Amino acid sequence: MLLFPLLLKATLLRLASGSYHPFYNGFYYNHIMNDNDDGQDKVDYFSGARLVVETSRDPIYSYNGANVTLPCHYRYEPDQGPKRKIRIKWSKLRDDYTKEQDVMVAIGKTYMAFGDFKGRAHMRQASRHEASLVISDVRLKDDGKYRCEVIDGLEDESDVVDLRLKGIVFPYQPPRGQYRLNFHEAEHVCQEQGAILANFNQLFQAWSEGLDWCNAGWLADGTVQYPIRLPRKPCGGVHLAPGIRSYGPRHRHLHRFDAFCFSSALKGAVCPSPLGHRTWPGWGEVFYLDRLFLGLDRCNAGWLADGSVRYPIVTPRANCGPAEPGVRSFGFPSKGRFGVFCYRER
């Protein structure tokens, strides 16, 4: 029973004596017995230049279907002369802080991409100490933070760059009504609209551009939030400041809310159909994204691709709904004759 206290005391005395050298400043210290066999440790120092990894301080912006380069450079202080054979690893950080997603690893000119990045990711090494990542055919779910990690022997340094897709956030609720979607169903309905669940940065950007929505909706990290520009009693009270209101993380199976979907910017325009009133299903390619009504001012309601009937108001006026601009909704009528809003590629 006395053995453990004695061992603990000996260990503490060893630490206090200063003979134990911890990991320090990026270098390891190695303990080996000396040649005199006198019980004294000889310390070998792995010394060398300091490795520095740098990416862009500012976000890198792109859009769906484009090609993008995430810059990453490294250097040694002091400089090490000829290029060394190092290992480079790119990974994507997750919004919910779970395990990082492997994107690509490279040693010299040999590299391997993983998962959804196979065939779309490669290394750009145009200069001596460059380790930039090139992603082709950018997809909606590529949006996020990426870690560039450079490994040289015992040294391992990294930096993070933020890839943001230009696009729009739009609130969505299904024909069944308000607050009917658990997290997984919210993911599905966004996919049906050619979109994905928005993340917080995307919702915040939409709020800063004027999005005001009183219904709470799922975000990609499993939290439930909603953006308020004009504080009012039904939306948290008149005394709370404008901003993003949050319910925090919710149970992904049991709790039900609406969804905030994100779709990247599209090269096209929404236009009302000139063919008069139609019953559902509508005519042509009927569009679904409320926010792409930007700048369109129509008091006549029209069908959208999800079976809803809506109309956009920029200048509020008599007989066109409330006194604020926005997209008015007739819900999901099972019958009736309305106009049609179509989407045309440019």
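# A guided visit to a predicted model

Visitor: How many nonpolar, polar and charged residues are in the lining of the second largest pocket?
Guide: Welcome! This is a predicted model, and its second largest pocket holds about 620 Å³ of space. Sorted by class, the residues lining that pocket come to nine nonpolar, five polar and eleven charged.

Visitor: Which residues lie nearest the centre of that second largest pocket?
Guide: The lining of the second largest pocket is made up of 25 residues. Those nearest its centre are Lys92, Asp95, Lys141, Ile196 and Ala220.

Visitor: Which element gives the most to the lining of the second largest pocket?
Guide: Two elements, α2 (183-192) and β15 (196-197), each supply at least two residues of this lining. The top contributor gives three residues, and that element is α2.

Visitor: Let's turn to the nonpolar core. Which residues of the largest one touch the most other members?
Guide: In soluble globular proteins, nonpolar side chains tend to be buried together. Here the largest nonpolar core has 58 residues. The members that touch the most others are Leu70, Trp90, Leu133 and Tyr146.

Visitor: What does Leu70 touch, not counting residues up to four places away in sequence?
Guide: Leu70 is one of the residues in the largest core that touch the most other members. With residues up to four places away left out, Leu70 touches Ile60, Trp90, Ser132, Leu133, Ile135, Tyr146, Val161 and Leu163.

Visitor: How many residues are in the second, separate core?
Guide: This separate core includes Trp303, Ile313, Val340 and Cys342. Its residues number nine.

Visitor: In the salt bridge of Glu130 and Arg124, which N to O value is found?
Guide: The structure holds 14 salt bridges, and this is one of them. Glu130 is buried because its relative accessibility is 2%, under the 20% limit, whereas Arg124 is partly exposed at 38%. Their side chains meet with an N to O value of 2.7 Å.

Visitor: Is Pro78 buried or exposed?
Guide: Pro78 is in the loop between β6 (72-77) and β7. The C-alpha atoms of Pro78 and Arg50 are 7.1 Å apart, although 28 residues separate the two along the chain. Since its relative accessible area of 59% is over 50%, Pro78 is exposed.

Visitor: Which residues is Asp152 in contact with, leaving aside its neighbours within four places in sequence?
Guide: Asp152 is part of strand β12 and, at 12% relative accessibility, counts as buried. Its C-alpha atom is 5.1 Å from that of Ile86, a residue 66 places away along the chain. Apart from neighbours within four places in sequence, the contacts of Asp152 are Tyr76, Arg84 and Ile86.

Conventions. Residues numbered from 1 in each chain as written. Predicted model: local features only at pLDDT ≥ 70, side-chain atom pairs only at ≥ 80, totals over all residues. Heavy atoms only, no water. Salt bridge = Lys/Arg side-chain N within 4 Å of Asp/Glu carboxyl O. Buried < 20%, exposed > 50% of the residue type's maximum accessible area, 1.4 Å probe, protein only. Core = buried A, V, L, I, M, F, W, Y, C linked by side-chain atoms within 4.5 Å. Contact = heavy atoms within 4.5 Å. 1 Å grid on protein atoms, 1.4 Å probe; cavity = no way out; pocket = protein on both sides within 12 Å on 5 of 7 lines; lining within 4 Å. Points joined across faces, edges and corners; volume = space filled by probe spheres on them. Helix = DSSP H or I, 4+ residues; strand = E, 2+ residues; numbered from the N terminus. Nonpolar A, V, L, I, M, F, W, Y, C, P; charged D, E, K, R; others polar.
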